[in-house]
Amino acid sequence: MKKVLITGESSYIGKQFEAWLNKTKDKYQVTKISVRDNSWKKINFSSFDVVLHLAGIAHVSRDPNMEDLYYKVNRDLTVEIAQKAKFEGVGQFIFMSSIIVYGDSSKDKRVIGRDTLARPSNFYGQSKLEAEQRITEMEDQTFNIVIIRPPMIYGKGSKGNYPKLAKAAKKLPLFPDIENQRSMLHIDNLCEFLRLLIDNNESGLFFPQNAEYVKTSEMVKLIGEAHGKKVRLTKVFNPVLGIMGRKIGIINKVFGNLIYDQNLSCYKDNYRIRDLHESIRRTEE
């Protein structure tokens, strides 16, 4: 039986992954803890095989007053927990980083490959990247480090841009038809990927994503269909949105391009158990 410690008691991914592993209770034992105060330092990690570190500040902020907090939580806390895990004999440490270490999405098509350099455009991305660099130095023959750089994660109950788009799909009769591509990752595909990484006692850098790229307008259309609503796509707003996108970051965030080369996301075992249509249906049901 694999014993898994998850940091981030209220984490969306943590809750979903715990439920995923609990489907086969004879194989995994999951414990979730909060690391908001120092009480976690009193917990003995030696009984755990894996630490899945999900605690952190997940949203992007450009408020300069928040910068120190981002580094304290996303970098320094990660390092502290990894050090404790290694010292107390945990065999595998999994860190959830982000595609944001490559910078923001862009108007032009942008494909991230194996040789693409990480160039964060904000302190959220920089704090994640520095955490990656510092914990990688701890790896040895008895302590495996896994770093995951997922794209946008979505699923039933998720936060972020997906529920905002779903809300638009339920209300708007028209939606801009802009050609773009995004790498995305449904929560079930992520949970299965994490399970396989644990079973295989992996180490290294990983880039999981759905088997299909997502065009924002087509996704909105699928969400509408899941609710029996027809959303008509139109290009009439495209010129205005193109101009606005140069000044308003949220436009690029919704309609911009940011994809991983699919070859980066291949794995020896199949983790992509939900295709786009099924994942939307399960999210909206």
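This is a predicted model: local features need pLDDT of at least 70, side-chain atom pairs count only at pLDDT 80 or more; totals for chains, interfaces and linings use all residues.

Residues are numbered from 1 along each chain as its sequence is written, and side-chain values use heavy atoms, with hydrogens and water left out.

Helices (H or I, at least four residues) and strands (E, at least two) are DSSP runs, numbered from the N terminus, and two strands pair if DSSP finds at least two bridges between them. On these terms there is an open sheet of 6 strands, which pair in parallel in the order S2-S1-S3-S4-S6-S10. S2 and strand S10 (204-206) stand at the edges with a single partner strand each, so one side of each is left without a neighbour in the sheet. Direction ignored, neighbouring strands of this sheet are turned by 20° against each other on average. S3 and S4 pair in the parallel sense over 4 bridges, and the bridge partner of Val50 is Gln92 in S4.

A nonpolar core is a set of buried Ala, Val, Leu, Ile, Met, Phe, Trp, Tyr and Cys residues joined through side-chain atoms within 4.5 Å, and buried means under 20% relative accessible area, exposed over 50% and partly exposed in between (1.4 Å probe, protein chains only). The largest such core has 29 residues, and those with the most contacts inside it are Ile13, Phe17, Ile94, Leu190 and Leu194. Among the elements that give two or more residues to this core are strand S1 (2-7), helix H1 (12-21), strand S4 (92-96) and helix H5 (187-199), and the largest share, 8 residues, comes from H5. Leaving aside its neighbours within four places in sequence, Leu190 is in contact with Ile13, Met96, Ile153 and Leu185.

The axes of H1 and H5 come within 10 Å and cross at roughly 65°; the two helices are therefore roughly perpendicular to each other, a term that covers angles of 65 to 115 degrees. Residues of H1 including Ile13, Phe17 and Trp20 meet residues of H5 including Leu190, Leu194 and Ile198. In a second pair, the axes of helix H4 (residues 161-171) and helix H9 (residues 276-284) come within 12 Å and cross at roughly 85°, and H4 and H9 are therefore also roughly perpendicular to each other. The contact is made by Tyr162, Ala166 and Lys170 of H4 and Ile280, Thr283 and Glu284 of H9.

Lys109 lies in the loop between S4 and strand S5 (111-112) and is exposed, with a relative accessible area of 59%. Not counting residues up to four places away in sequence, Lys109 touches Gln181, Asn257 and Ile259. In helix H6 (residues 216-226), by contrast, the buried residues include Met219, Val220, Leu222 and Ile223.

Technical notes
Contact means heavy atoms within 4.5 Å. Axes are lines fitted to C-alpha atoms, for helices over the stretch in contact, and angles run from 0 to 180 degrees between N-to-C directions. Angles under 35 degrees count as roughly parallel, over 145 as roughly antiparallel, 65 to 115 as roughly perpendicular and the rest as oblique.
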